[in-house]
Amino acid sequence: MEDNHNPVYKDDAYGKSRELSYNYLEGGNFERTVGFHGEADRVVLQQAWDLFRERIEDARQRVLAGKASPVVYYMEKNLLDPLNLSMMAGMSVWRVKWHMRPGVFKRLKNKTLQKYADAFNITPDQLMKIE
Amino acid sequence: MAATNTIINFTHRQAGHCESGATSNLYKFNGLDISEPMAFGIGNGLYFSYIPFLKIQFAPMISFRNLPNMVFKRSTTYLGIDATVVKKVKDPKEAMEMLDSNLEKGIPTGCQVGVFQLTFFPPEYRMHYNMHNLVVFGKEGNMYHVSDTVMETPQLITYEDLLRVRYAKGAFAPQGKMYWINHRIDKPVDLKPAIIMGIKKTVYEMIGIPFPLIGVKGLRWMARDLKKWPAKHGNDTASFYLGQILRMAEDFGTGGAGFRYIYGAFLKEAGELFGNHEGLLEASEMMGRTANKWREFTYMGARNCKNRSKPEEDYGTLSEKLLEIAADEQKVYEKLKKLRF
């Protein structure tokens, strides 16, 4: 059963996966419908991704300008903040923040780079440069 | 890694809430036909907490669900079903071997996973959210068959990807947690005591806990904070924080607003089981109406998020709406508390 109230966005991910949802009808009945995501979902999801993309682009510019290390770019790309990144890479927050300086990043040992690469699910070579 | 091919005859049913869906599917496989709302209600799926000082994805943490694995654990305890929960496996390889040996024995196994690296999810939905659940029910070479109740059909995932999502890091890390039901359920199970225990626990969690950030009190606290956000953080950030509430209320499975519908459906089902118990049916209707108000709130909020810098709806109005919802919910729980069965 398709949901007629919600517009269908065939091009985006919202239009590809259908979800089951429950609804309440006056008179005490609950119904189960399978439908696409509604307008409200789409707006808030779009809003979040606008912010994430903005942050990623901003980080990319800063790394290209030599003001930050690639760790910052990959952190933003993986939607992380320093605290979460520290948990993923198994280092302290202060150390992660320290590594965000380009000068410090250049002198990192292979072992540390490997930790970051594992956290971001890429190879150490990819970590050294950004696209 | 032994190259075994086993596919268990497991029925995939789509559900609104990932964990209660997985739980109800596991019961169904083992011969106990429990619907998703029933598993949700008995296992205390309903919950609310607002933790403003913890940030998730750059916005305050809001949770509409209980701690991971609660639904399965509580429902098995209340129903008196023999089940195993492995909380934590240190070595990822060992965790995968345990999963494989379970599959060989013919036991479909539920796993807690992180969403961010889940390959079959649409990319827009991949955020750092570690409380997702799925059931692994088959293996073919390097590929695993998984039943994710959010998706319409069973999905395939590779060994490496499954290992990665099972060991996703961050807040509430899964650490290889898995759970399964040990034996087939042959004896008929009496649902009534379990339902009563489930309702009591939910009522306690929503209005009884003496801490201001959990349950209805937390909802009120959030409503009051919501009013202050534009002055405190500026329109853009306030809109993003509001978006976080709405994302939690609408996305990630059915989301918090949808959980109210599921709980209402549970109360209705329970009422019918108790021989058309008037109080329960009435509570179910009240819950349904509250859920409709939640949906209105999300639509109002979404309009606000659309024009970020010039919000259409005043944040005061939204806050009042939330307070109204909180008052309504409080009435439902007070009613449930007084019920006699």
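**View 1. Helix H5 of chain B and what its buried residues pack against.** The buried residues of H5(B) pack against helix H4 (92-105), strand S5 (109-113), strand S7 (143-147) and strand S8 (155-158) of chain B. Contact here is a matter of C-beta atoms, placed from the backbone, lying within 7 Å. The helix itself covers residues 159-166, and its buried residues are B:Leu162, B:Val165 and B:Arg166. Looking down the axis of H5(B), you find them within an arc of 100°, so they line one face of the helix; the arc is taken from the directions from the helix axis to the C-beta atoms. "Buried" means 20 or more other C-beta atoms within 10 Å of the residue's own, "exposed" means 12 or fewer, and "partly exposed" is in between. Helices (H or I, at least four residues) and strands (E, at least two) are DSSP runs, numbered from the N terminus.

A quick word on what you're looking at: this is a predicted model, with local features needing pLDDT of at least 70 and side-chain atom pairs counted only at pLDDT 80 or more, while totals for chains, interfaces and linings use all residues. Residues are numbered from 1 along each chain as its sequence is written, and chains are lettered from A and ligands numbered from 1 in the order in which they are written. Chain B averages a pLDDT (the predictor's confidence in each residue, from 0 to 100) of 86, and 96% of its residues score at least 70. For the complex, the predictor gives an ipTM of 0.76 and a pTM of 0.87.

**View 2. Strand S7 of chain B and its two partners.** S7(B) is mostly covered, with 4 of its 5 residues buried. Strand S6 (residues 132-140) of chain B runs antiparallel to S7(B), joined by 5 bridges; strands count as paired if DSSP finds at least two bridges between them. Within this pair, B:Val136 stands opposite B:Val146 of S7(B). The S6(B)-S7(B) hairpin has 2 residues between the strands, and B:Gly141 takes a positive phi near 60° there. S7(B) also pairs with S8(B), again antiparallel, over 4 bridges. Here B:Met143 has B:Thr158 in S8(B) as its bridge partner.

**View 3. Where chain B touches chain A.** In this view, 41 residues of chain B are in contact with 28 residues of chain A. On the chain B side, helix H8 (235-250), helix H9 (255-273) and helix H10 (278-306) each supply at least two residues. H10(B) gives the most, with 11 residues. Sorted by class, that side has 18 nonpolar, 13 polar and 10 charged residues. Ala, Val, Leu, Ile, Met, Phe, Trp, Tyr, Cys and Pro count as nonpolar, Asp, Glu, Lys and Arg as charged, and the others, Gly among them, as polar.

**View 4. A:Ala59 and its surroundings.** A:Ala59 sits in helix H1 (residues 39-64) of chain A. A:Ala59 is buried, because 21 other C-beta atoms lie within 10 Å. Leaving out residues up to four places away in sequence, A:Ala59 touches A:Ala68, A:Val72, A:Tyr73 and A:Glu76.

View 5. Most residues other than glycine have a negative phi. A:Asn121, though, has a phi near 65°, and B:Asn69 has one near 75°. A:Asn121 lies in the loop between helix H6 (110-120) and helix H7 (124-128) of chain A; B:Asn69 lies in the loop between strand S3 (59-65) and helix H3 (70-79) of chain B. A:Asn121 counts as partly exposed, with 13 C-beta neighbours inside 10 Å, whereas B:Asn69 is buried, with 21 other C-beta atoms within 10 Å.

How values were computed:
Two residues are in contact if their C-beta atoms, placed from the backbone, lie within 7 Å.
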